Amino acid sequence: MRPALLSALLLFPAATMAAEPSKSAQRFARDAVIVDTHIDAPSELLKAWRDLGVEVPDREFDYAKARRGGLDVAFMSIYTSPADDTGGAAREKAHRQIDAVEALVGRHPGRFAKVVSPSDVRRHQGDGRVLLALGMENGAPIGDDLAQLAAFHARGVRYITLAHSHSNRIADGSYSLDRPWKGLNPFGEKVVAEMNRLGIMVDVSHLSDDAVRGVLRVARAPVIASHSGLRRFTPGFERNLSDELAKAIAKTGGVVQITFGSGFIDARAAADTTAYFRELATFQQAQAEAKSRGEPVKSVEDFDAVWDPAHPKPATKLSQVIDQLDYAIGLLGEDHVGIGSDFDGVSGALPAGLRSAADYPNLVAALRARGHGDATIRKVLGGNLLRVWSAVERASRRQGSTRELRMR
Ligand SMILES: [Zn+2]
């Protein structure tokens, strides 16, 4: 060890050193292809516009942070809520979010590029741009029209999380109190088949256990979980995957993208989340009844204004995310684990050291400290997801060629 480095170590306590990853971890993060499959920037843009081409203090993802963190491919989440669905606004809202992503690329063509394939990612390698891919969170925008899948594929959507917090026309959600389909319904089976045919990755994050099983039964290409934790760390929390289901996803050749939010890595916070959706459902039921009697009704925002201060998210640490990654690598093998942060989607409830797109080097340093080699870390950071994405494209082409043969 060089004397200067030794004195630096003596001068700065461990916590300070941990806040600033080594130059080597920073270099590694810049060099490795990092693919984060879940960043909620687009829906936030609709709520309050920001220019993400420059540093934006109140956002977790922007160009400056992504470059500092070495992020290469950011899957922009095209998110619509169950309320958007029941209100009939989901499709229009999804298109507006895609427009927002395209506007960002249009405004900063030297900083961002939209990508729709791993070959696009390879083509842009090293050109300094942050690559924006599209993942749709909640299948609500397709309504009951399978043709909408091709329409959204044409706009660049490359994965779809079949449902969100409520059961929808396709499948039951893990937070849903009512499970009308007992999993994936017949329309959902057609949706999965059409997604496989088009080359859209099927995402089982947010689904009920039965719905995940339904997807695994009918999928003809590798399946992903774009942003999920492991239930082992949050007992009883269905939103996180059981070991059994995580292994079944890996068996399809797919990948489990471990998420960072405190609500997914801390058992108490996860229990609070379950309670939140239970109470919210009761509240919404009461509001619907009040509305039918012509009485004034309160909004979800009113509910949150009471709930949030009474249920502060606990402080969490980067090591809790590493515990999950570590366990996942042991359980599934290094070829079936990745990352899906949920940046800009969890109201800042993130572990210390992993609070924005600038922080991937901390993840690299912590994985190395747990003894993971560089080849494993590269796979987890993005190699695995790119492999799965390519496999889903190949499965689509195979189906396309079989169809052509049949048509002759
Ligand atoms: Zn989500």
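Residues are numbered from 1 along each chain as its sequence is written, and side-chain values use heavy atoms, with hydrogens and water left out. Because the model is predicted, local features need pLDDT of at least 70 and side-chain atom pairs count only at pLDDT 80 or more, while totals for chains, interfaces and linings use all residues.

Distant parts of the chain are linked by the pair Glu 137 and His 206, which are 69 residues apart. Glu 137 belongs to strand S4 (residues 130–137), whereas His 206 sits in the loop between S6 and H11. Helices (H or I, at least four residues) and strands (E, at least two) are DSSP runs, numbered from the N terminus.

Are these two residues buried or exposed? Glu 137 is buried, with a relative accessible area of 3%, and His 206 is buried too, at 5%. Buried means under 20% relative accessible area, exposed over 50%, and partly exposed in between (1.4 Å probe, protein chains only).

Helix H11 covers residues 209–218, and its buried residues are Asp 209, Ala 211, Val 212, Gly 214, Val 215 and Leu 216.

Arg 220 has its place in the loop between H11 and S7. At 58% relative accessibility, Arg 220 counts as exposed. Leaving aside neighbours within four places in sequence, Arg 220 is in contact (heavy atoms within 4.5 Å) with Asn 196, Ala 395 and Gln 399. The C-alpha atoms of Arg 220 and Met 195 are separated by 9.7 Å, and these residues are 25 apart along the chain.

## Two helix pairs

Two packed helices are described by the angle between their axes and the distance between the axes. Axes are lines fitted to C-alpha atoms, for helices over the stretch in contact, and angles run from 0 to 180 degrees between N-to-C directions.

| Helix pair | Angle | Axis distance |
|---|---|---|
| H3 (residues 23–31) and H17 (residues 360–369) | roughly 115° | within 8 Å |
| H14 (residues 267–292) and H15 (residues 300–310) | about 135° | 11 Å |

H3 and H17 are therefore roughly perpendicular to each other, whereas H14 is oblique to H15. Angles under 35 degrees count as roughly parallel, over 145 as roughly antiparallel, 65 to 115 as roughly perpendicular and the rest as oblique.

H3 passes H17 in a right-handed crossing. A crossing is left-handed if the near helix is turned anticlockwise from the far one by less than a right angle, and right-handed if clockwise. From H3, the contact is made by Ser 24, Ala 25, Gln 26, Phe 28 and Ala 29, and from H17 by Pro 361, Val 364, Ala 365 and Arg 368. One of these, Gln 26, counts as buried at 17% relative accessibility. Beyond neighbours within four places in sequence, Gln 26 is in contact with Glu 20, Pro 21 and Pro 361.

The crossing of H14 and H15 is right-handed. Asp 272, Ala 275, Tyr 276, Glu 279, Leu 280, Phe 283 and Gln 284 in H14 meet Val 300, Phe 303, Asp 304 and Trp 307 in H15.

## Two positive phi angles

Most residues other than glycine have a negative phi, and most peptide bonds are trans. Lys 182 has a positive phi, near 55°, and lies in the loop between strand S5 (157–161) and H10. Asp 342 also has a positive phi, near 70°, and lies in the loop between strand S9 (337–339) and H17. Lys 182 is exposed, with a relative accessible area of 63%, whereas Asp 342 counts as buried at 5% relative accessibility.
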